[in-house]
Amino acid sequence: MRNLAEEDSLVDQSVGTIDLDRNEARRKKEERARLFNIRSIPLLRALGFSFVAMFIALHNTFVLGEFALRSFVLMTAIFAIYVIGSWLTLHFFYAKVKRIDLGVLFLTVDIVLWTVGIYFSGGPRSLLLFFLVIRAADQANTSFRRVLFYTHFSVACYLTMLLYVQFVDHGSFSWAAEGTKFIILYGSYIYGAFTAKEAEHLRTRTTAAIHLARKSILQLREQSQQLAEAKLKAEDASHAKSEFLANMSHEIRTPMNAVIGMTGLLLDTHLNSEQRECAETVRSSGEALLTIINDILDFSKIEAGKLELETIEFNLRQTLEETVELLAESAHNKGLEITYVIDENIPVFVSGDPGRLRQVLTNLIGNAIKFTVKGEIVVRAALENQFTTEYWDAEMTFSLTPERSTKLAAAPPPNGIEICFSVTDTGIGIAPEMRTRLFQSFTQADGSTTRKYGGTGLGLTISKQLAELMGGRIGIESEEGVGSTFWFTVSLVPGQQSVEKNRRFTVGNNLRALIVDDNETSCEALQLYLRNFGLVGIQLTSPAQARRVIADMKEQGQTIHLMLVDLTLPELDGISFIESLKSDPFFASTRFLLLSPLGNRTVLESATKAGIDLCLNKPVRQSQLYNGLKSVIRTEERSEPKLLTHTGRFAPMVPLKLPDAAPEVHPRRILVAEDNIVNQKVTVRILEKKGFRVDVVANGLEAVKAVASIPYDLVLMDCQMPEMDGFEATLTIRKNQDQRPKVPIVALTANATQDDQERCFAVGMDDYLSKPVTPEKLSSVLERWLSQKV
């Protein structure tokens with residue numbers, strides 16, 4: 001029985017030059033046509049018109065006996081310009097022009113030039129009428145219709161020439177003689193056309209035979225490979241998936257370990273407010289990214305229905321604010337306004353899964369930023385329903401709007417609440433026929449969108465599944481060219497912490513504030529915050545409107561205590577507007593707050609020179625606005641200095657961390673086997689701060705030698721290292737220990753799957769520590785294996 005390779009060899013020999021791949025065959029055919037039209041045809045055209053010119057010269061000299069040099073030169077110039085121009089056009093534009101076949105176009109124009117040649121060789125007296133037969137003859141191998149086209153076009157060109165001779169040149173000729181020529185010419189064409197028709201039938205049968213042969217060969221090859229491929233797929237599918245997830249986990253977690261570890265060490269040092277803010281932002285961003293990475297790696301668990309949600313109590317407002325703030329800089333970099341509004345009736349603390357909630361929000365906001373070129377993005381959180389055990393029916397349907405009517409995937413918890421989060425953008429919008437496909441795996445709005453904006457199309461699928469796991473649903477409302485609103489709901493339980501549900505943080509009573517911002521949603525959020533603080537906020541959309549209101553308040557003797565001014569306003573910027581107001585004694589007691597996009601470091605110096613009291617980054621957190629107002633408004637209750645960072649963002653006072661006491665030197669020695677230099681530094685710094693003696697090696701061979709020569713109390717062993725990996729090194733160490741005490745070996749790895757943990761334990765490792773390594777996780781491992789509080 002022949003093997004698969006022999007079968008393929010026989011098939012290839014039998015196929016010859018037939019391409020089994022239709023697309024490849026089509027591509028090669030198009031390439032041959034292109035080369036034929038831009039190389040072969042121009043050369044033949046140049047040669048052909050050279051012969052035409054020579055024939056005309058001989059004809060006029062020996063047949064007509066009236067060779068006119070001037071006319072001959074003119075005709076030759078026309079031919080030369082046409083030949084060169086047609087070649088240049090085909091060379092540069094043949095592949096670019098799609099609506100017209102330039103090759104066919106110039107084949108048709110050739111007939112016109114040949115008719116011009118007949119005209120220069122005597123017109124009706126010319127014996128070179130056979131020129132017009134050439135085009136129909138050389139198309140006999142194409143199609144019947146094409147030959148008929150050139151037949152009638154050639155006749156039309158010759159008739160046009162005769163009319164030109166009679167009515168423009170006022171020449172005379174015999175129409176009877178010319179009619180005879182027409183009959184001869186047309187008869188020759190019809191004969192060629194029927195010849196072409198037979199050739200076309202033959203080509204059709206040949207093409208059908210090739211297609212049948214291709215299909216039969218492909219079926220034969222498919223049948224011969226089917227059994228082998230099925231076997232290989234069955235053996236490799238599980239292994240490939242596990243290996244891919246492990247490699248992805250390792251490659252991503254290794255640098256994330258450095259980011260989170262180093263920022264954690266940095267936060268333990270003495271930092272000023274700006275440095276601490278930057279470090280905390282990096283750390284929170286890294287942790288959020290790590291959460292997303294973990295969720296993506298868990299996609300297979302979601303599909304298998306094995307993903308479990310955690311239930312912890314968390315600050316819902318803080319989670320939403322941090323998520324928006326994390327993505328605000330990328331929005332501002334595109335010139336987009338991003339704001340959020342949280343229903344004041346939503347409890348501050350709720351019980352649920354903040355990580356999964358953050359993931360869905362991050363995905364929807366990130367998509368809104370990606371698909372929006374100009375305008376704004378608005379994130380809202382609203383209380384939709386409150387459930388009780390008595391009235392809950394798992395089969396009931398809640399209808400928020402006609403578009404949102406759908407059954408909840410899971411029953412909400414007793415005495416729970418349903419919160420609807422929505423992300424509205426002014427982006428490209430989505431066509432109605434594409435909306436039903438959005439939540440399918442690896443799907444985006446359309447192919448062109450995928451090419452332009454990128455992305456795997458997996459995020460919305462994960463978001464849908466997570467929303468349903470959290471007892472909610474997800475949907476979209478969109479209009480092409482206007483924007484989209486993605487919304488989802490989750491079922492949560494109000495928290496048990498002793499925090500007032502709708503706590504009011506009073507700044508002052510009856511203080512009046514003007515909000516000058518052309519973004520309505522931003523003003524809506526600021527007015528809500530000010531109302532909670534006991535202030536009265538007046539929304540104004542432009543400096544001109546603000547000046548009119550200020551003039552009316554002057555006449556009425558009203559005082560303006562605060563002005564919150566956006567940096568980017570119509571007519572002029574916020575700093576210039578504030579400077580124009582501060583010169584007026586009416587604003588002597590007014591406190592000015594500038595609202596600046598996140599990450600804009602250039603405005604602080606200008607704001608300071610303008611005498612602005614405080615700069616806040618947008619989107620403004622309620623807590624930051626409260627602390628900022630308390631810092632600039634002098635009250636009897638509290639008087640705090642304002643604090644401006646170089647980013648222009650108000651940072652709450654953070655107690656300066658006192659120097660750590662000298663760490664206790666533990667009589668313990670630890671070996672770190674890690675090939676990544678940055679990860680070496682992170683782990684060593686954490687251990688040294690705890691007072692341990694630490695040695696570092698870069699591969700498994702060095703780890704084996706070190707353990708053999710020095711009695712270590714613990715080994716932190718990376719699993720993937722050059723020369724010898726951690727698994728082999730552990731096996732070697734265990735084999736060479738003999739009667740000596742067994743040294744605890746802890747896997748220090750970026751792989752995070754259950755299979756990886758089992759493999760670590762199988763080779764003799766005692767514990768498992770996944771990256772990124774934090775001081776808390778490392779301390780827990782050290783306490784467990786060194787039996788000492790560290």
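Visitor: Which residues make the nonpolar surface patch of about 960 Å²?
Guide: This is a predicted model, in which local features need pLDDT of at least 70 and side-chain atom pairs count only at pLDDT 80 or more, while totals for chains, interfaces and linings use all residues. Residues are numbered from 1 along each chain as its sequence is written, and side-chain values use heavy atoms, with hydrogens and water left out. A patch takes residues with over 30% relative accessible area and no salt bridge, joining nonpolar side chains (Val, Leu, Ile, Met, Phe, Trp, Tyr) within 5 Å and like charges within 9 Å, with areas from the Shrake-Rupley method and a 1.4 Å probe, only the protein chains shown counting as cover. Here the patch is made by Leu47, Phe51, Met54, Phe55, Leu58, Phe62, Val63, Leu127, Phe130 and Ile134.

Visitor: Which helix gives the largest share of the nonpolar patch?
Guide: Phe51, which has a relative accessible area of 39%, is found in helix H2, where helices (H or I, at least four residues) and strands (E, at least two) are DSSP runs numbered from the N terminus. The largest share of the patch, 7 residues, comes from residues 22-64, which are helix H2.

Visitor: Is Ser422 buried or exposed?
Guide: Ser422 lies in strand E7, residues 417-425. Buried means under 20% relative accessible area, exposed over 50%, and partly exposed in between (1.4 Å probe, protein chains only). With a relative accessibility of 10%, Ser422 therefore counts as buried.

Visitor: What is the angle between the planes of Tyr119 and Tyr164?
Guide: The structure holds 17 aromatic pairs (rings of Phe, Tyr and Trp, by its six-membered ring, with centres within 6.5 Å; stacked under 30 degrees, edge-to-face over 60, the rest tilted). Tyr119 and Tyr164 form an edge-to-face pair, 5.6 Å from centre to centre. Because Tyr119 belongs to helix H4 (residues 102-120) and Tyr164 to helix H6 (residues 144-167), the pair ties together parts that are 45 residues apart in sequence. The angle between the planes is 80°.

Visitor: Which residue forms a salt bridge with Arg734?
Guide: A salt bridge is a side-chain nitrogen of Lys or Arg within 4 Å of a carboxyl oxygen of Asp or Glu, and a search of the whole structure finds 19 of them. In this one the closest N and O atoms are 2.7 Å apart, and the partner of Arg734 is Asp766. Arg734 lies in helix H22 (residues 726-736) and its partner in the loop between helix H23 (754-762) and strand E19 (767-770), so parts 32 residues apart in sequence are tied together.
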